[in-house]
Amino acid sequence: MKYAIIGAGLAGLTAAYELRQLDPDAEIDVFEADERIGGKLYTVPFESGRTDMGAEGFLAFRKDATEFFEQLGLGDDIVAPSGLKSLVYSGGALHPIPMGGAMGIPATSSGLDGLISAETAALIDAEGDKPGIDWTPGGDMSVGKLVRERYGDEVVDHVVSSLLGGVYSCAADDLGVRATIPQLAAVFDRMVSEGEKVTLSGAVAKLDAARSARTSSGPVFGAFQGGYAQLYEELAEQSGARIHLDSFISGIKRGPGGLRLEKAEGTFDRVLVTTPAPTAAPQLRAVSPEASAALKQVKLASSVVVGMKFDSAEGLPDNSGILIATDEPGVHAKAFTLASKKWPHLAERGGALVRASFGRFGDDALVRASEDDLVDYALDDLQKITGFDGRAAGLSEIFVQRWFGGIPCYSDTHLATVAAVRSALTAVDGVEVAGAWADGVGIPNVIAGARAAAGRLVSER
């Protein structure tokens with residue numbers, strides 16, 4: 001059986017590995033438009049050690065992911081974070097991130113001192129007295145719209161968009177509840193089915209109660225000692241696939257002998273598309289016009305990461321990161337990861353490693369700014385927010401990584417779009433899709449989706 005995978009990011013390489021496990025005699029070709037593998041995972045060779053300039057951690061409580069890493073032989077290379085807390089910068093001051101809640105959405109006003117006004121606190125605490133939310137089970141709605149209507153603007157602009165923006169590079173108004181906080185949507189569904197009035201505070205309180213009832217079994221997050229390159233290089237090696245770099249595939253067509261890829265030689269029995277949605281749309285046009293049309297609805301958010309290695313960490317707060325309120329004036333960055341504070345294995349290198357993040361959906365100006373400007377913004381913002389003078393500390397290494405169209409915008413219609421694409425592809429033999437736009441954000445979701453897609457391709461034999 002001959003398989004073609006379009007895209008050598010995490011989804012494509014995971015699928016190649018899984019195909020090898022399920023079909024040991026398979027011929028597997030992976031076509032990558034870039035000149036390197038890894039996609040949105042990117043480990044760069046700092047002089048002080050390999051450093052991630054894309055994703056830098058995964059949800060370690062996802063046992064399916066950790067067991068997969070162990071299967072690859074990487075279990076001993078997984079490291080845990082320090083446990084230091086993160087902060088929110090709002091109103092010109094640093095505040096602890098409120099505990100509990102759902103991605104910054106609280107059940108009560110407790111713990112939000114300094115982040116919201118007394119008027120907003122009263123709105124939150126009286127929300128349960130409002131008429132219920134008009135929620136449709138299985139449906140979705142904008143996170144920002146929902147929270148603004150129930151709690152007011154301050155909660156969204158000071159907290160919720162900061163937390164969601166750190167994951168999705170989008171404001172809460174651009175994201176769907178079910179698409180980004182599925183556990184909250186599930187509680188809303190249950191409240192409707194049980195005839196209970198649907199309130200935001202009531203639903204979040206249920207989530208908090210369920211969380212308190214669970215027994216902690218280790219760190220929430222994990223990373224790799226040598227960066228994500230350990231993962232994507234191991235997947236490539238163990239897959240035994242032929243990987244073709246600088247090989248852009250413009251489309252898939254069905255012809256005599258099987259499926260053909262435009263700009264590639266030969267025919268294939270099965271094809272898996274793991275490229276971002278706007279690229280996958282033209283690739284699928286000839287074999288599924290319906291799927292292609294649906295994919296055009298998916299928008300992407302761009303961002304840029306500025307990695308900075310300082311000779312000294314003196315004066316840097318003992319916190320793992322800082323999120324910045326979306327309405328904070330005079331600040332360019334949206335977040336800082338104090339990486340050497342967050343990850344003990346990075347602290348062992350000495351000095352300090354800090355990642356500054358810029359860019360949100362709908363505004364690419366900062367992503368396109370010059371490297372010199374971005375570094376200056378990062379240093380100025382870091383000093384303004386924390387008092388740490390990076391220039392005086394000795395800035396020994398810099399790496400600027402732009403992620404144009406790095407993350408899908410998981411809007412309140414995104415899941416319906418994914419369902420439409422999958423439905424259209426049920427009529428197309430031998431073609432599957434996987435990746436963040438199809439399976440959700442985060443390393444475990446992408447891995448699970450890619451493995452499932454590989455399984456479906458093999459089962460079609």
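Student: What is the relative accessible area of F221?

Tutor: First, a word on what we are reading: this is a predicted model, in which local features need pLDDT of at least 70 and side-chain atom pairs count only at pLDDT 80 or more, while totals for chains, interfaces and linings use all residues. Residues are numbered from 1 along each chain as its sequence is written, and side-chain values use heavy atoms, with hydrogens and water left out. A residue is called buried under 20% relative accessible area, exposed over 50%, and partly exposed in between (1.4 Å probe, protein chains only). F221 has a relative accessible area of 38%, so F221 is partly exposed.

Student: Where in the secondary structure is F221 found?

Tutor: Helices (H or I, at least four residues) and strands (E, at least two) are DSSP runs, numbered from the N terminus. F221 is found in strand β9, residues 221-224. Over the protein chain, the secondary structure comes to 18 helices and 20 strands.

Student: What is the strand order in the open sheet that holds β9?

Tutor: Strands of a sheet pair through backbone hydrogen bonds, either parallel or antiparallel. Two strands count as paired if DSSP finds at least two bridges between them. In this sheet of three strands the order is β5-β9-β6, and the pairing is antiparallel. The edges are held by β5 (58-59) and β6 (78-79); each has a single partner strand, so one side of each is left without a neighbour in the sheet. Between β5 and β9 there are two bridges, and F58 stands opposite G222 in β9.

Student: How many residues join β3 to β4 in their hairpin?

Tutor: Two residues make that link. Strands β3 (residues 43-46) and β4 (residues 49-52) pair in the antiparallel sense over four bridges, and P45 has R50 in β4 as its bridge partner. You can look next at β7 (residues 86-90) and β8 (residues 93-96), which are antiparallel with four bridges. There V88 has H95 in β8 as its bridge partner, and G91 in the hairpin takes a positive phi near 65°.

Student: Which residues of helix α9 are buried?

Tutor: Helix α9 covers residues 229-239, and its buried residues are A229, Q230, L231, Y232, L235, A236 and S239. After α9 comes G240, with a positive phi near 65°.

Student: What should I know about salt bridges, and how many are counted here?

Tutor: Side chains of opposite charge can pair when their charged atoms come close. The rule asks for a side-chain nitrogen of Lys or Arg within 4 Å of a carboxyl oxygen of Asp or Glu. The count comes to 20 salt bridges. One of them joins D29 and R242, whose closest N and O atoms are 2.7 Å apart. This pair links distant parts of the chain, 213 residues apart: D29 in strand β2 (residues 27-31) and R242 in strand β10 (residues 242-244). D29 counts as buried at 5% relative accessibility, while R242 counts as partly exposed at 41%.

Student: Which residue forms a salt bridge with K342?

Tutor: K342 pairs with E56, with 2.9 Å between the closest N and O atoms. K342 lies in helix α12 (residues 339-342) and E56 in the loop between β4 and β5, so the pair ties together parts that are 286 residues apart in sequence. Both K342 and E56 are buried. Elsewhere, a network of salt bridges links R148, D153, D157 and D173.

Student: How many disulfides does the structure hold?

Tutor: A disulfide needs a pair of cysteine sulfur atoms within 2.5 Å, and the structure holds zero. C170 is in none; the nearest cysteine sulfur, in C409, is 3.6 Å away, which is too far for a bond. C170 counts as buried at 0% relative accessibility, and C409 counts as buried at 7%.
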